[in-house]
Amino acid sequence: MRKLILFAALFLPLCANALNITDPFFMPESKQILSDTTLGFTNNAFKLNKSWGFYEKISAGISDDLTAGLSIGWADMRHEHSGMQDLSLFAKYRLAHEQDGGYFFDLEGYLSPKLFKSPYNGKNGSAKGSTDLGLRGTLGSTKITEGLTLGSSFGFQAIGHTDLISSGSIWDLTGFGRYYLNEHNALGVSISFKGYWGFDQDFMGINLGFDYSGDIIENKLALVPYFNVETHNHQIASSTVWGLNARYIF
């Protein structure tokens, strides 16, 4: 009996942390490296216009509660030029654990300095041309309904000015859910209400996102095709973003 109790005490905490690597609340453990390699397309996304590109994001587990990393990319803008996308440095800290209070609560931020040539500064490149930063808080749980992850987040981004676009900020309130068809396949959906303030004109937007994730190698490699559509008021053109992400953990 004592052996059974000891086994449960050791095993159950591991189960509590055993999230699928594509779950919104998955974080790499200490000394683990998480790679997200993305092929993405857009028809009119903010500052990218019609383009496609490759993007790489590396997340390192500094501790079980802290992740830090960087992302970088390359894009080809239609009717403009191709070139590198500016580096982004980010960190995420877990303030609350689901196994303690029933909910995850994460705080994350990023800084993306102006590095590469941008058409918004009169150069033959495809970078954004501004120094940007952002903060986000995310609250959610996997225990509200079996087989379903639910959560919400609130965030803002401060977008620096370029030669062609004034500085501004982007605020959003997002709700999301992820339903597990089984332990290796899941469907995700999100809805965001967004406000764009500045940029020579204030406007609002609603973004709907959908994705599917499938494990190729259990707990090691997953593929995630995704699609987002965003509509705006004030006759600002709608936009779509779609692509395929490959997530691999070392």
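**A walk through a predicted barrel**

In this predicted model, the largest nonpolar core has 10 residues: Leu48, Ala75, Met77, Tyr120, Ile159, Ile165, Ile170, Tyr196, Phe199 and Phe203. A nonpolar core is a set of buried Ala, Val, Leu, Ile, Met, Phe, Trp, Tyr and Cys residues joined through side-chain atoms within 4.5 Å. Buried means under 20% relative accessible area, exposed over 50%, and partly exposed in between (1.4 Å probe, protein chains only). Leaving aside residues up to four places away in sequence, Ile165 touches Lys47, Tyr120, Phe199 and Asp200; contact means heavy atoms within 4.5 Å. A second, separate core of nine residues includes Phe25, Phe176, Ala222 and Ile249.

Now look at the strands, which are DSSP runs of E with at least two residues, numbered from the N terminus. Strands of a sheet pair through backbone hydrogen bonds, either parallel or antiparallel. Here, 12 strands close into a barrel, in order from E1-E2-E3-E4-E5-E6-E7-E8-E9-E10-E11-E12, with antiparallel pairing. Two strands count as paired if DSSP finds at least two bridges between them. Strand E8 (residues 168–182) is joined to strand E9 (residues 185–198) by 14 bridges, and Trp171 has Gly195 in E9 as its bridge partner.

Finally, find Thr67 in strand E3 (residues 66–77). Thr67 is buried, because its relative accessible area is 5%. Not counting residues up to four places away in sequence, Thr67 touches Met27, Pro28, Ser59, Ala60, Phe90, Ala91 and Lys92.

Residues are numbered from 1 along each chain as its sequence is written, and side-chain values use heavy atoms, leaving out hydrogens and water. As the model is predicted, local features need pLDDT of at least 70 and side-chain atom pairs count only at pLDDT 80 or more, while totals for chains, interfaces and linings use all residues.

Note on methods:
Helices (H or I, at least four residues) and strands (E, at least two) are DSSP runs, numbered from the N terminus.
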